[in-house]
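We will go from stop to stop.

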Amino acid sequence: MHNSTFIIQHSSNNRNFAVLEIQVVKRQLSKTMKVSYNWLKQYTTITATPEELDKILTDTGLEVEGVEKMEAIKGGLSGVVVGEVLECEQHPDADKLKVTTVNIGAGELLQIVCGAPNVAKGQKVVVATVGTTLYPTPEEAFKIKVSKIRGVESFGMLCAEDELGLGKGHDGILVLDDSLEPGTPAATVFELEDDYTIEIGLTPNRADAMGHIGVVRDYIAYENVHNGKKLTLTFPALKNLEAKSQSAVVSIEVQNSELCPKYAGITISGVEVKPSPAWLQKRLRAVGLSPINNIVDVTNFVMRELGTPLHAFDAAELNGKIVVKTATSGEKFVTLDGVERTLSETNLMITNGDKNLCIAGVYGGLDSGVKDTTTTVFIESAYFNPVSVRKTAKEHGLNTDASFRFERGVDPALTEYALRRCASLILEVAGGEVAMSETIVGSTVTDREVPFNYTRCNQLIGAVLPRETVDAILNNLDITIRSVNGADAILIVPAYRVDVTREADVIEEVLRIYGFNNIPLPEKMNMSVSVFPKPDLENVQATISEFLVGKGFHETMNNSLTKSVYVEKLGGEVLKPEYNVPILNPLSNDLDVMRQSLIFNALEMVEHNQNRQNSDLRLFEFGKVYHKYAQYTENKRLLIAVTGKKYAENWNDASDIHSFYSLKGIVVALLKRLGLEKFLKEKAIEKGELLDGVQLYLLKTKIGEIGLISGKLKKAFGVKNDVFIADLDWDAILSSLKMNKIIYKELPKTFAVKRDFSLLLDTAVTYSSIEEIARNADKNLLKEVGLFDVYEGKNLPEGKKSYAVSFVFQDAEKTLQDVQIDTVMNKIRKGLEEQLGAELR
C-alpha cells in the first residue's frame, strides 16, 4: 500500500468513525484486465448475455468491475438501409449532380440528390434516411436533414465508404450486391458486430485467468455444474509448422535454468511487416491495446488469448544465437522506452552472446524488436521464475503486461502451444515460411499432487455438499481425482493453477464454483468469548482516544511502510539506518522500510494540512514502530502533536499558540486519567529528534518524551510553525497500569497550609529539579509542589529567570505548627541554594 494518511473524527459516545480528510495514494491489490465478450465466444458456446456473464464471473471469483458496449461503428449505422435506384436523371441546374428516385422498402419513394460520379439506375445502394446521424470518424458526426440542393429537395443521402465510417474510400457511393432487398439494415449487410468490453479486477492469486482461455474455463465450470450443460473448451487449430528449410537457425543456450526453466523458439523467414488485418486490430482494441504492426500484434493477441507472454526478435540482431544469462553488475541497457538502465547481477537477460537484447520477462531492448524492414523473425516463448521477474521489474520500476503475468506465474504447459499458435498466426497475417523448426530447452513444470478430504471440505465450507457435486466441480476445474479411500482422496492439480497448493486451496476452488451465495446462513451463530485480563487493554486505548478527542484532537492512521531516506538523512543517534527493517520486494522507493518512528508521519500530515491553509492542528496516533537490533522488535506507541493556535480565531480572543507546556498539560492529564501521574518523573532530553523538552518516566521505566521538533526536521518537511510532539511508549504505559492499585483512605481532618518561594535561578535550571529537591526534603508533610509564575526579561540579570513555586503541607491527623513547616521550608531553601545556586527574591 502506498503512503497514506487518514484523519479520523470520533463520535464521543460510540467511537464511530467519519473521515475528515484523506491523503491516499492507492496500492492496487488487484489489477484490472479487459476481456472481449465476442472473443470469449471463440472458445466455447456462450449463451449468457454480457450482463449475465458479469454475474457468473463475479460469482466465481473474477469480480467484474464494469461492462462497456463497443460499437463496431459509432451509431451502429442506425437509420441506414439498402435502397434501389429506380430513376437517375441529370440535375436541371448542376452538371455534376444527379436527381435519383430511390426505393427503401418503406412504400414511399425518396427523391435524393447525389453528386457521386458512379450513381446509376438499377443499383442497390446504401441510403442514410432523414434523421440519421453518421460518424465518418468517432469524433466527427453529422445529421441527415431534408435539404434543398440547387433548388431541388433531397430526402436522404446515398453514402460512400468513408461517410459511413467503414473505410477511407471516397471515389463514389457504395454499390451493393443486386440480390439485396430494399429496406435491409446496412448493419446486417456489412455484418457489423458490436462487442462488450468486460473489465475484471484480477487479484494476484488468479494467475490462471490472465487470458481469455482462463476466463472461459470458469464460465464452462459454472454452466456445467449449475445448469447441467456439457460445454468444452476448444483451443484454436494450428497450422503445419514443418520447416521446409533450416535457413535461419538460431541456437539456444540457457545458462541459468533456475531462473529460466524452459525456453522455446522458432524462426519464420520471408515475413512482410505491415498493418494487421481488421479482425486482429478489432480484437486488440476491444481489450484496450493499440495495434502496432502485424508481428507485434500477433504476440499481444496470443498473450491476451492464453495469458502467456511472447516476444518477437528481428533475427538479424541475433547473430544466430540466443543466450539466456544474468547480467553483469553495472552494465547499461537501453530499453524499448529509450531509457538507459543500470543492470544488476540478479537481472536475467536475453542476449545474443555478446549483446543484451531484452530483460527476460519484463521489457524488450531498443534495437532488438521487429522493424518495418524486418524479414525474418525469431519468436520466443518461455517460462521465467516468477520471483526473479518480480524483483527485476520492481528494481527498474517497470510494470508491463509481460511482467504482470510472469511474476504471478503463467501456465508452463502452454509454452509450446503459445509458440505454435503465434507462429501459425504470423504465417497467416504476415506470410513467410518456417526457417527453423521449433526448438525447446528445459523441462515442463509438472502438475501437483494434493491430498483432499470430503468431510473436511464440508466443515470448512459450512454446508454439506453432495460428493457428486464436489467431484463435478473438480473435474470441470481440470483437477483430476487420482484415487479415493473413504473420505480421503488424492488430487492432481494442473500446473496453471499456481495458487492451488494445499487442501484449503482446493476447497476454496470448490466453494467459488459452487457459489458463496449458495451457502445457507445458520439459524444459530456460535462464538467464543475471550476473557480479557484486567484491565481490558482495548478499552484503555478507547478511553484515552475519547479523552484526547474531548480535548479537540483528531486521530490519524498512517501506513507502517515509509521511506528509508527519512532515517538516512534525518535520523540521529536514536534512529539509525542499520536499525531499519527493509521490505524484500518494496512496491516503491517511498515504501521500502518499516517505520522506526511516528514522528515523520506526523510531520507529513502537518505539512500537508499547512499547505492547505490548515495550520492549527491537534493530532494523535496509536501505531507500531519496528526496529532491527540484535533481533527484530515491534513497539506500539502513542504520538501526540500540536501546532499553531490553541483555539479558533475569535473577535474577543487573542488565541494563544500551542507551547511545550500546553502539550505537557495534556500528557499529564492523560496519565492522571490512567491513575499514573503520581509515579511520573522527568529528565531533560539528551539526544533524539526532539529539542527543549523532557523525558518521561514512570518510576524507573521510560515512557517517552515531550519536546519541540528540531530546525532540521522543520526544514526537511517544509513546516513553518513550531510543532510540539509527545512520543509515548504505549506498551510501557500499559505495563505500568499494574502499579495503579486503588487505595482507599479517610479524608484529612485538618486544613492544608500553603507557603511559597520566589526564586532567582539560572535559565538552564528546570522546574523538575526544584520539585525533586523539595520532595527529598520531606516525604511526610509535603503534599504538593507547584509552579505558578515564570518570568524572564527586564530587571533581571542576564542568564537568570524568576520562578514562583508553591508548597502545600498537611497532616491528616493534627494541625501543623509553624515551627514544623518552617523547618521543612528552611531545608528546601538550603537545598535549592546549595544545589541550584538559587536566590530568594
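**Stop one: a hairpin**

Select strand β9 (residues 133–137) and strand β10 (residues 140–143): they run antiparallel, and three bridges join them. Strands pair if DSSP finds at least two bridges between them. Helices (H or I, at least four residues) and strands (E, at least two) are DSSP runs, numbered from the N terminus. Now pick L134; its bridge partner in β10 is F142. Two residues lie between β9 and β10, which form a hairpin.

A note before moving on. This is a predicted model, where local features need pLDDT of at least 70 and side-chain atom pairs count only at pLDDT 80 or more, while totals for chains, interfaces and linings use all residues. Residues are numbered from 1 along each chain as its sequence is written, and side-chain values use heavy atoms, with hydrogens and water left out.

**Stop two: the largest pocket**

Select E677, K678, E771, R775 and K783. Of the 48 lining residues of the largest pocket, these are the closest to its centre. The space in this pocket is about 1,900 Å³. A pocket, on a 1 Å grid over the protein atoms alone, is an open set of points where a 1.4 Å probe fits, with protein on both sides within 12 Å along at least five of seven lines; lining residues have an atom within 4 Å of a point. The volume is the space filled by probe spheres set on the points, which are joined across faces, edges and corners.

Which element gives the most to this lining? Select α20: it supplies seven residues. The lining holds 18 nonpolar, nine polar and 21 charged residues. Here Ala, Val, Leu, Ile, Met, Phe, Trp, Tyr, Cys and Pro count as nonpolar, Asp, Glu, Lys and Arg as charged, and the others, Gly among them, as polar.

**Stop three: aromatic rings**

There are 15 aromatic pairs (ring centres of Phe, Tyr or Trp, with its six-membered ring, within 6.5 Å; planes under 30 degrees apart are stacked, over 60 edge-to-face, the rest tilted). Select Y566 and F717: this pair is tilted, 5.2 Å centre to centre, with 45° between the planes. Y566 is in helix α15 and F717 in helix α18, 151 residues apart. Is Y566 buried or exposed? Y566 is buried, at 10% relative accessible area (buried is under 20%, exposed over 50%, partly exposed in between, with a 1.4 Å probe and protein chains only). F717 is buried at 9%.

Finish with W39, W279 and F301, which form one aromatic cluster.
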